[in-house]
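Trainee: Could you show me how to read salt bridges and a helix from a set of coordinates?
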Amino acid sequence: MSSSVPRLVIAAPSSGSGKTTVATGLMAAFASRGLAVSPHKVGPDYIDPGYHALATGRVGRNLDAYLCGPELVGPLFAHGARGCDLAVVEGVMGMFDGAAGEGELASTAHVAKLLRAPVVLVVDASSQSRSVAALVHGFASWDPEVRVGGVILNKVASDRHEALLREALDSAGVPVLGVLRRAPQVDTPSRHLGLVPVAERQAAAVDAVAAMGAHVSAGCDLEGLFALARSAGALSCAAWDAAEALASSPPPPLPVPSLGAAPPDPHRPERPRPQTPDGLKIAVAGGAAFTFSYAEHTELLTAAGAEVVVFDPLHDEQLPDGTRGLVIGGGFPEVYAAELSGNEPLRKAVAALAESGAPIAAECAGLLYLCRELDGMPMCGVLDASARMSERLTLGYRDAVALSDSVLAVAGTRMRGHEFHRTVVEPGSGAAPAWGVRAPERRVEGFVQQGVHASYLHTHWAAEPGVARRFVERCRTS
């Protein structure tokens, strides 16, 4: 299968150059002209895709060659871009910055090559003039397999400044496809983990995205950018499909009999397993406090036979009726600790679900929510651990192996993940740890108890679809 959706990768020499403003603005500008725009983000970041979704009306999707492997970048892209007129891919950090110690792996340049997509380089020109030519030439020539097809100059001070920049770039061989003046109205507020998510800003986020679209429309050559997007090479790969991914993944291992249990009688016919009625419900935490999730997780749970129901722990006092399993992803419970703590009925409902042995998968923010307390405020008390804010940022990719059989994986399952938090949980692991982190340092972390799997590690289930199938199977039989 070949995908020929026109596409652009938006890159920059470094973080802070304006990639998010330009990428989101381009998405909004093209969408306002009636195009179906597919939004994508290189790397594990959850926040930028929320702005992308607001700009396009479509789910923002991540393309992470470390979490999912390079072989899945093309299929996941084709899945998200199916039926679209244009795809815009926002890069991560500087164009050649990838997983630490892994060369180009998971960098913007790596993903651009995997997608056979032209790159538009966003340059913060606020403190330079003629030097911009050397910078652009260096990025355009560093890797011959990466095609830098144009540059957008950001934070340009004046007409005179623009003229100097354009004159310098005449000899660089890379066309200028946009010039953007400084514009405070397109700025988005940040805090300890980056931009404030869309779900927390609501109307303000809508206004900011509209301003980005207008700003980019006024300063960029949209026709030239679309022509560049159409020059992308065809991708010869099948689009990722949740059902097909589940069908091709290994079946979940049989449960290990408890000690003292009688061995199975090979001469006795196996009793048919009871079939769960339609509507096996898995509740997924959402709302402003829990905004971190990958769209493919819900798609895999649904393909495995679950009915996914989103609820808001800030406002809903009970879990959805008939909940058989619970997924609590990442987000900012530390920002909403008082509100989460104040919703005592829901905290008790979550604790009761855990006590019943029902499967619960919690990542990062979910881990904090299941603790006894967060910054001194009572949480669900499922885990005998306390959490608090910290000055230290924990950030980076992780190579991990499951240390305990759980509702997500059998011991020995190797997965790649990502950590991103400014909190500390004490103790950091339980009697049955969730993961042994192999790199960059060796340690154990997380908790496995009854049906609970709680950890700081964010994982992408498209890389290991059996995780979703195992979770749904455990919900069905618990």
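Mentor: Keep in mind that this is a predicted model, and that the structure holds 19 salt bridges. The mean pLDDT of the protein is 91, with 90% of the residues scoring at least 70, although over residues 254-277 the pLDDT is below 50.

Trainee: Which parts does the salt bridge between D124 and K155 tie together?

Mentor: The closest N and O atoms of D124 and K155 are 3.9 Å apart, and because D124 lies in strand β6 and K155 in strand β7, the pair ties together parts that are 31 residues apart in sequence. D124 is partly exposed, with a relative accessible area of 23%, and K155 is also partly exposed, at 31%.

Trainee: Where do E344 and K348 lie?

Mentor: An α-helix has 3.6 residues a turn, so residues three or four places apart point the same way. Here E344 and K348 both lie in helix α13, four residues apart, about one turn of the helix, and their closest N and O atoms are 3.2 Å apart in a salt bridge. E344 is partly exposed at 37% relative accessible area, whereas K348 is exposed at 54%.

Trainee: What span should the twelve residues of helix α15 have?

Mentor: At 1.5 Å a residue, α15 (residues 466-477) should span 16 Å, and its end C-alpha atoms are 16 Å apart, which agrees.

Trainee: Which elements do the buried residues of α15 pack against?

Mentor: The buried residues of α15 include V467, F471 and V472, and the elements that the buried residues pack against include α11, β13 and β19.

Technical notes: Residues are numbered from 1 along each chain as its sequence is written. This is a predicted model: local features need pLDDT of at least 70, side-chain atom pairs count only at pLDDT 80 or more; totals for chains, interfaces and linings use all residues. Side-chain values use heavy atoms; hydrogens and water are left out. pLDDT is the predictor's confidence in each residue, from 0 to 100. Contact means heavy atoms within 4.5 Å. Helices (H or I, at least four residues) and strands (E, at least two) are DSSP runs, numbered from the N terminus. The expected span of a helix is 1.5 Å times one less than its number of residues. Buried means under 20% relative accessible area, exposed over 50%, partly exposed in between (1.4 Å probe, protein chains only). A salt bridge is a side-chain nitrogen of Lys or Arg within 4 Å of a carboxyl oxygen of Asp or Glu.
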